[in-house]
Amino acid sequence: MSDTLNRLAEVLEARKHAAPDSSYVASLHHKGLNKILEKLGEESVETIIAAKDAAVSQDYSDVIYETADLWFHSLVMLSALGQHPQAVLDELERRFGLSGHDEKAARQPSA
């Protein structure tokens with residue numbers, strides 16, 4: 001899995017400063033972070049709708065497709081912020097063996 005993420009990160013980085021008309025990713029970067037975040041929000045909503053539909057229909061093809069779009073645009077966002085997907089994988093790895101309740105409590109400010 002991380003090979004795919006690494007390959008995609010390389011492509012995203014290469015297209016980050018390319019001419020806006022050369023690729024979709026380059027055009028997003030040219031439009032700036034707000035446009036990237038707008039697309040990420042759209043993909044989030046589309047993924048939620050696809051998941052709700054899949055729960056009824058038991059056809060998961062759209063939710064897989066929309067999740068791929070969501071992940072892709074998340075990676076574009078990370079690229080725009082100068083972050084590599086490995087940082088997310090490292091964070092997920094850090095959480096193994098840690099209760100979700102404990103992890104969430106650790107993020108809460110003390111009262």
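Author: The chain has six helices and zero strands. Helices here are DSSP runs of H or I with at least four residues, strands are runs of E with at least two, and numbering starts at the N terminus. In sequence order the pattern reads α-α-α-α-α-α. The radius of gyration is 17 Å, well over the 13 Å that the globule rule gives for 111 residues, so the chain is more spread out than a compact globule. That radius is taken over C-alpha atoms, and the rule is 2.2 Å times the number of residues to the power 0.38. Along the principal axes, the C-alpha atoms fill a box of roughly 45 × 40 × 30 Å.

A word on the basis. This is a predicted model, in which local features need pLDDT of at least 70, side-chain atom pairs count only at pLDDT 80 or more, and totals for chains, interfaces and linings use all residues. Residues are numbered from 1 along each chain as its sequence is written, and side-chain values use heavy atoms, with hydrogens and water left out.

Next, burial. Of the 111 residues, 25% count as buried. Buried means under 20% relative accessible area, exposed means over 50%, and partly exposed lies in between (1.4 Å probe, protein chains only). The chain exposes about 7800 Å², and carbon and sulfur atoms supply 58% of that area. These areas come from the Shrake-Rupley method with a 1.4 Å probe; for residues, only the protein chains shown count as cover.

Now the core itself. The largest nonpolar core has eleven residues: Leu5, Leu12, Val25, Leu28, Ile36, Leu40, Leu70, Leu75, Val76, Met77 and Leu78. Such a core is a set of buried Ala, Val, Leu, Ile, Met, Phe, Trp, Tyr and Cys residues joined through side-chain atoms within 4.5 Å. Four helices each supply at least two residues of this core: α1 (2-15), α2 (24-31), α3 (33-57) and α4 (61-80). The largest share, five residues, comes from α4.

Take Leu12 as a way in. Neighbours within four places in sequence aside, Leu12 is in contact with Val25, His29, Phe72, Leu75, Val76 and Ser79. Contact means heavy atoms within 4.5 Å. Across the chain, 56% of contacts between residues at least 6 apart in sequence join residues at least 24 apart.

Thr47 is in helix α3. Its relative accessibility is 11%, so Thr47 counts as buried. Leaving out residues up to four places away in sequence, Thr47 touches Val63, Glu66, Thr67 and Leu70. Leu70 is itself one of the core residues. Thr47 and Leu33 are 14 residues apart along the chain, and their C-alpha atoms are separated by 21 Å.

Past α3 comes a loop. Gln58 sits there, between α3 and α4. Gln58 is not a glycine, yet has a positive phi of about 65°.

Asp69 belongs to helix α4. At 22% relative accessibility, Asp69 counts as partly exposed. Asp69 and Lys39 are 30 residues apart in sequence; C-alpha to C-alpha, they are 9.5 Å apart in space.

Back in helix α1 lies Asn6. Asn6 is also partly exposed, with a relative accessible area of 27%. Between Asn6 and Pro85 there are 7.5 Å from C-alpha to C-alpha, although the two are 79 residues apart along the chain.
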